[in-house]
Amino acid sequence: MNLDSKIPEGPISEKWSNYKFHAKLVNPSNRRKYHVIVVGSGLAGASAAASLAEQGYNVSCFCYQDSPRRAHSIAAQGGINAAKNYQNDGDSVYRLFYDTVKGGDFRSREANVYRLAEVSANIIDQCVAQGVPFAREYGGLLANRSFGGAQVSRTFYARGQTGQQLLLGAYSALERQIALGKVKMYTRREMLDLVKIDGHAKGIVVRNLVDGEIEKYSGDAVLLCTGGYGNVFYLSTNAQGCSVTAAWRCYKRGAAFANPCFTQIHPTCIPQHGDQQSKLTLMSESLRNDGRIWVPKKAEDASKNPNDIPEDARDYYLERKYPSFGNLAPRDISSRAAKEACDDGRGVGPVVGGSRRGVYLDFADAIKRDGKKAVEERYGNLFEMYERITGENAYEVPMRIYPASHYTMGGLWVDYELQSTVPGLFVLGEANFSDHGANRLGASALMQGLADGYFVIPYTLPNYLAQNGAKNIKTDRPEFEECVKEVKAQIKKLLDVKGTKSPRHFHMELGKVMWENCGMARSKESLEKALKLIPQIREDFWKNVRVVGDEHSINNELERAGRVADFLEFAEIMVLDALNRDESCGAHFRIEHQTDDGEAKRNDAEYSYASIWEYAGPGKAPNLYKEPITHDEVKPVVRSYK
Amino acid sequence: MKVHLKIWTQKNAADKGRFTTHTVENVSEDSSFLEMFDILNEQLVEQGKEPIAFDHDCREGICGMCSMVINGTPHGPEKETTVCQLHMRKFKDGDTIVVEPWRAKAFPVKRDLIVSREAFERIQQAGGYITARTGSAQDANATLIPRDTLEKAMDAAACIGCGACVAACPNASAMLFTAAKVSHLNLLPQGQPEKDKRTIAMVETMDALGFGNCTNYGECQAACPKGITLDFIAKMNRDYAVAKSKQIAKG
Ligand SMILES: Cc1cc2nc3c(=O)[nH]c(=O)nc-3n(C[C@H](O)[C@H](O)[C@H](O)COP(=O)(O)OP(=O)(O)OC[C@H]3O[C@@H](n4cnc5c(N)ncnc54)[C@H](O)[C@@H]3O)c2cc1C
Ligand code: FES
């Protein structure tokens with residue numbers, strides 16, 4: 001397998017310039033001869049589709065929702081980072097680069113991260129020009145806030161709707177190109193396969209989710225911008241339709257998958273209310289600035305009214321274990337500490353699946369100190385959201401929080417040009433593995449999606465196109481027919497099982513296995529257990545799943561069944577990857593590898609690499625390759641938050 | 001708790017459609033309305049029947065995908081709350097709940113509770129953007145924007161494009177949606193060069209798509225999950241009048 005990362009020559013700060021100068025260009029009058037397929041209309045997909053169309057390429061863009069504006073990027077709340085140094089507080093491209101490499105626990109490719117930091121400032125300019133209403137100060141200048149893992153104020157935000165406002169910006173640019181006829185938008189389409197011709201990605205097969213037609217589309221390159229796979233845990237902060245399907249089907253066509261075990265758990269989500277729960281809602285981490293996290297010292301107190309538990313019977317465990325960071329300890333550390341408290345029987349809230357899974361986030365002291373009004377000004381909208389979902393008033397009783405699956409650092413492997421191991425298949429946004437290493441810093445995913453779409457792919461894609469020429473491929477070729485046949489066969493196979501259990505049932509079962517055995521804390525034992533259980537669920541699925549309805553109309557069950565079938569296969573390489581990585585790093589915590597005080601212990605000598613999995617055929621174990629991760633700029637150090 | 005449901009079901013756009021009745025038991029009052037629908041659908045699957053099709057995705061009130069009229073009110077009884085954020089504790093044990101799709105000529109039903117909101121895309125395409133080619137932007141702080149202006153634009157930009165305003169309006173007018181979109185951009189300094197063109201194009205596209213006229217019922221504002229107010233309609237009407245008079249003056 002060709003795993004050349006194609007990192008350009010030169011010092012880190014000149015690599016991107018060097019690349020841009022040496023990359024091949026497509027002459028403006030020739031661009032209209034090319035056709036580019038963009039799958040996904042989130043920040044990565046919409047920005048790429050709009051920018052390429054502006055350059056003169058013809059673009060077809062696909063999403064499964066009824067409008068490109070509904071991609072899950074819309075849900076991001078907190079903000080987007082950029083090295084603008086508007087606050088004059090010592091920020092720079094180099095510092096953002098450094099923070100991102102360190103935050104990723106030294107498992108990301110330095111050249112990519114540097115480029116990300118370098119283009120970050122242009123993103124903010126671009127968004128403001130489009131009319132994105134970032135928060136401003138009274139004088140009219142842009143406002144910033146600081147976010148986890150950084151000592152500077154570099155985060156731009158738009159109320160609690162940064163994702164929606166950024167996406168509306170990219171979407172409006174996309175809609176403009178649709179009106180101009182340069183982009184053809186296909187909504188309510190689900191990509192189900194990648195078509196390769198002479199080894200290159202030249203098309204896709206999709207299901208029209210309205211009439212069930214299996215459609216084929218050809219192009220000179222395919223851009224996959226299909227988001228993350230956090231829903232492998234069933235419950236997550238992702239949207240219902242988020243899946244690994246597009247990436248997984250590309251994997252089965254030869255695109256290697258990198259670091260699938262790197263998944264991020266967010267510490268401040270609203271806990272599960274019971275078995276009927278379908279998704280988890282995130283609340284801004286900023287709550288930890290004023291809320292104090294605790295559980296009862298004794299398990300007997302877990303069911304008591306928290307206001308009746310006296311001060312000396314409470315365990316403010318983060319303050320106790322990490323006196324200097326306290327309640328602001330990093331995401332992975334505070335998530336794990338919550339899990340430990342609940343495993344210890346001291347969790348609070350309703351009993352779900354045999355145990356209480358929640359810890360208190362208490363604002364009583366903040367209210368006493370600053371007054372209710374001040375707290376309301378800071379967090380009013382979050383308290384409202386909490387009340388809407390839980391029916392509880394957090395001014396009177398402490399909030400309950402619990403960690404939830406939130407973001408996936410792993411994804412399809414890409415080189416510096418964002419090209420996968422299948423030539424002509426490029427992967428952007430959360431769907432690729434490139435920039436965040438083993439852990440992503442807050443407000444950096446929005447930045448990466450837009451960097452990829454606005455400022456990276458418009459340079460790297462032409463380099464591929466210019467060397468391969470416009471092929472004007474027709475979809476009546478046998479390669480397309482073959483793919484369509486396989487997709488139809490898979491759909492028929494799902495409908496033909498006619499078992500007794502719903503697709504959701506299997507998704508929940510898989511989610512439970514993944515959360516318990518390959519979630520916040522993993523061990524050889526738990527991972528081996530998961531490796532036994534997953535094939536059993538998969539077998540049961542193919543024997544007993546029941547997909548009602550037919551394939552010729554809107555059929556949510558059929559859609560879900562296809563996605564669950566892919567998760568059931570994907571989960572296995574995620575666990576294999578976690579098992580192979582016999583170290584702790586970033587969000588990947590192997591309980592065998594921790595320091596005396598429970599911190600993740602990296603093993604740079606043996607694991608400073610990206611693990612890259614290649615499909616070896618049905619029923620065969622995948623092949624593992626390794627891309628060494630070198631640190632020429634930032635020397636690895638031990639993270640310490642004591 | 002237990003609830004009885006009267007739900008609009010319709011096989012496809014050509015089908016006439018009808019209400020079907022269902023009962024769901026053992027619903028937790030902490031469940032969301034859509035989670036109650038999940039239980040119903042699991043129940044239907046178990047009986048070998050086809051589940052009710054409905055649109056949803058983020059389930060946190062921001063993507064604008066979910067769309068149900070509950071007991072005659074788009075998104076149901078709770079103020080400024082999308083149906084995915086509505087919880088069962090707002091209902092009583094034993095209630096009968098009527099659920100219908102958005103109903104408007106410009107939003108044809110595709111199946112059961114799913115409608116097509118393609119018309120909104122058309123309005124957006126007519127002018128809901130600021131032309132800013134990638135790479136050509138000036139520094140983000142080069143133009144100062146007073147905070148009040150910004151906040152007002154942000155109020156309009158909060159629209160999630162769900163279409164509840166159209167569903168609530170007795171005339172099925174899309175004025176609130178269009179006004180929110182137009183105002184977000186028209187209020188900002190960056191939006192000035194294309195302001196007149198945008199306003200005319202978006203308003204006229206809206207009219208051409210079969211949405212009704214606005215006769216100031218105000219139901220749209222009451223139904224909007226994001227608190228978009230009628231002021232924006234007034235503002236758009238003013239912007240439109242100005243743009244039109246300039247157009248006429250130019251000949
Ligand atoms: C609740 C929440 C809050 C967040 N907050 C922040 C934050 O404050 N700051 C930050 O930086 N990051 C945040 N993130 C992370 C960030 O929002 C995402 O990583 C990022 O938006 C992903 O963008 P994307 O374009 O890669 O994918 P998405 O926005 O998920 O888009 C995926 C697109 O692919 C399409 N698609 C998927 N599969 C298929 C298929 N098979 N066929 C056709 N189309 C398909 C979808 O329709 C969609 O258009 C948050 C994430 C969540 C869930
Ligand atoms: S499902 Fe996204 S707003 Fe309701």
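The model is predicted, so local features need pLDDT of at least 70 and side-chain atom pairs count only at pLDDT 80 or more, while totals for chains, interfaces and linings use all residues. Residues are numbered from 1 along each chain as its sequence is written, chains are lettered from A and ligands numbered from 1 in the order in which they are written, and side-chain values use heavy atoms, with hydrogens and water left out.

I start with chain B. Its secondary structure comes to 8 helices and 7 strands. Helices (H or I, at least four residues) and strands (E, at least two) are DSSP runs, numbered from the N terminus. Of the 251 residues in chain B, 57% are buried. Buried means under 20% relative accessible area, exposed over 50%, and partly exposed in between, with a 1.4 Å probe and protein chains only.

Next, the aromatic rings. Rings of Phe, Tyr and Trp (its six-membered ring) pair if their centres lie within 6.5 Å; planes under 30 degrees apart count as stacked, over 60 as edge-to-face and the rest as tilted. The count over all chains comes to 39 aromatic pairs. Take Phe62(A) and Tyr217(A): the ring centres are 4.9 Å apart and the planes are at 65°, so this pair is edge-to-face. Phe62(A) lies in strand S2 and Tyr217(A) in strand S8 of chain A, so the pair ties together parts that are 155 residues apart in sequence. Phe62(A) and Tyr217(A) are both buried. For Tyr607(A) and Tyr609(A), the centres are 5.8 Å apart and the planes are at 40°, so that pair is tilted. Tyr607(A) is buried at a relative accessible area of 12%, and Tyr609(A) is buried at 6%.

Tyr609(A) has a charge over its ring: the charged end of Arg581(A) sits 5.1 Å from the ring centre. The rule is NZ of Lys or CZ of Arg within 6 Å of the ring centre and within 35 degrees of the ring normal.

Now salt bridges, where a side-chain nitrogen of Lys or Arg is within 4 Å of a carboxyl oxygen of Asp or Glu. The whole structure has 73 of them over all chains. One joins Arg563(A) and Glu559(A) at 3.7 Å, N to O. Both residues lie in helix H15 of chain A, 4 residues apart, about one turn of the helix. In chain B, Lys244(B) and Glu204(B) meet at 2.9 Å, N to O. That pair links helix H8 to helix H6, 40 residues apart. Salt bridges that share partners also join Asp105(A), Arg107(A), Arg581(A), Glu583(A), Arg602(A) and Asp604(A) into one network.
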